[in-house]
Amino acid sequence: MLKNTPQTPADADDRWRGGHLGRLMGLALRRFDERVLSLMAHDANVPLALSHLAARAQVGAAHIHITRHLGLHGSRLTELAHQAGMSKQAMGDLVTQCEAWGLVRREPDPRDARARRIVFTDTGLLWLDAFRTAVAQAEAEFRSQVGDAVATVVALGLEAYGSEAPGARAAVPPR
């Protein structure tokens, strides 16, 4: 039998753990990314091999980080990792996998001969265009489900909240 302690009170109500804002945003992001990947899996413009990978859930949300963050003229691995909030090693593994799938390639950085840039291949650009189309459709579906007014407020709120530098409010006590 579990003894009542400050850590395990008899009347503990932990429903907050399933309904707080961070969890809700995480669930929404996961649903959105899954919908985008599903749409991409059925896009006739996506190369068949990539379409099959997406349909079999071999392409996941982590791979979306590259699609979301890789600059049109390429990016260094450290830039990609930073923008995606991942370690350089984890991003390197993703880039290697995407390289094997023909989405990206590594090439010398024209600004620094010691550095390498990751750039989209022609196949990767097709993938990026399919991503753009799928994101637009998923956003339209979201708007349809919650209404234009709510979708606009959500987008504005997330933009304002997400644009603040991480840790900027660390010194501000919670309300």
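How many residues does helix α8 have, and how far does helix α8 reach from its first C-alpha to its last? Helix α8 (residues 148-163) has 16 residues and reaches 22 Å, close to the 22 Å expected at 1.5 Å a residue. The expected span of a helix is 1.5 Å times one less than its number of residues.

## Basis of the model

This is a predicted model, in which local features need pLDDT of at least 70 and side-chain atom pairs count only at pLDDT 80 or more, while totals for chains, interfaces and linings use all residues. Residues are numbered from 1 along each chain as its sequence is written, and side-chain values use heavy atoms, with hydrogens and water left out.

The predictor's confidence in each residue is called pLDDT and runs from 0 to 100. Its mean over the protein is 84, and 81% of the residues reach 70 or more. Among the elements, β1 has the highest mean pLDDT (94) and helix α3 (residues 48-55) the lowest (66). Where pLDDT is low, the predicted coordinates should not be read in detail.

## Overall make-up

The protein has 8 helices and 2 strands, in the order α-α-α-α-α-α-β-β-α-α from the N terminus. Helices (H or I, at least four residues) and strands (E, at least two) are DSSP runs, numbered from the N terminus.

Of the 175 residues, 27% are buried. Buried means under 20% relative accessible area, exposed over 50%, and partly exposed in between (1.4 Å probe, protein chains only). Helix α8 is hardly covered, with 1 buried residue among its 16.

## The nonpolar core

A nonpolar core is a set of buried Ala, Val, Leu, Ile, Met, Phe, Trp, Tyr and Cys residues joined through side-chain atoms within 4.5 Å. The largest one holds 29 residues, of which I66, M91, V95, V104 and W127 touch the most other members. Two or more residues each come from α2, α4 (61-69), α5 (77-84), α6 (88-100), β2 (112-120) and α7 (122-146). Helix α7 gives the most, with 7 residues.

V95 is in contact (heavy atoms within 4.5 Å) with I66, L77, L80, V104, R106 and I118, leaving aside its neighbours within four places in sequence.

## Helix α2 and M40

Helix α2 (residues 21-41) has 21 residues, which should span 30 Å at 1.5 Å a residue; its end C-alpha atoms are 30 Å apart, so the two agree. The buried residues of α2 are D33, V36, L37, L39, M40 and A41.

M40 counts as buried because its relative accessible area is 0%. Leaving aside neighbours within four places in sequence, M40 is in contact with V46, W127, A130, F131 and A134. M40 and A134 are 94 residues apart along the chain, yet their C-alpha atoms are separated by 6.2 Å.

## D109 in strand β1

Is D109 buried or exposed? D109, in strand β1 (residues 104-109), counts as buried because its relative accessibility is 3%. Its side chain reaches the backbone nitrogen of R111 at 2.8 Å. Not counting residues up to four places away in sequence, D109 touches R76, A115, R116 and R117.

How values were computed
Polar contact = N/O pair within 3.5 Å; in protein donor to acceptor, adjacent residues only side chain to side chain.
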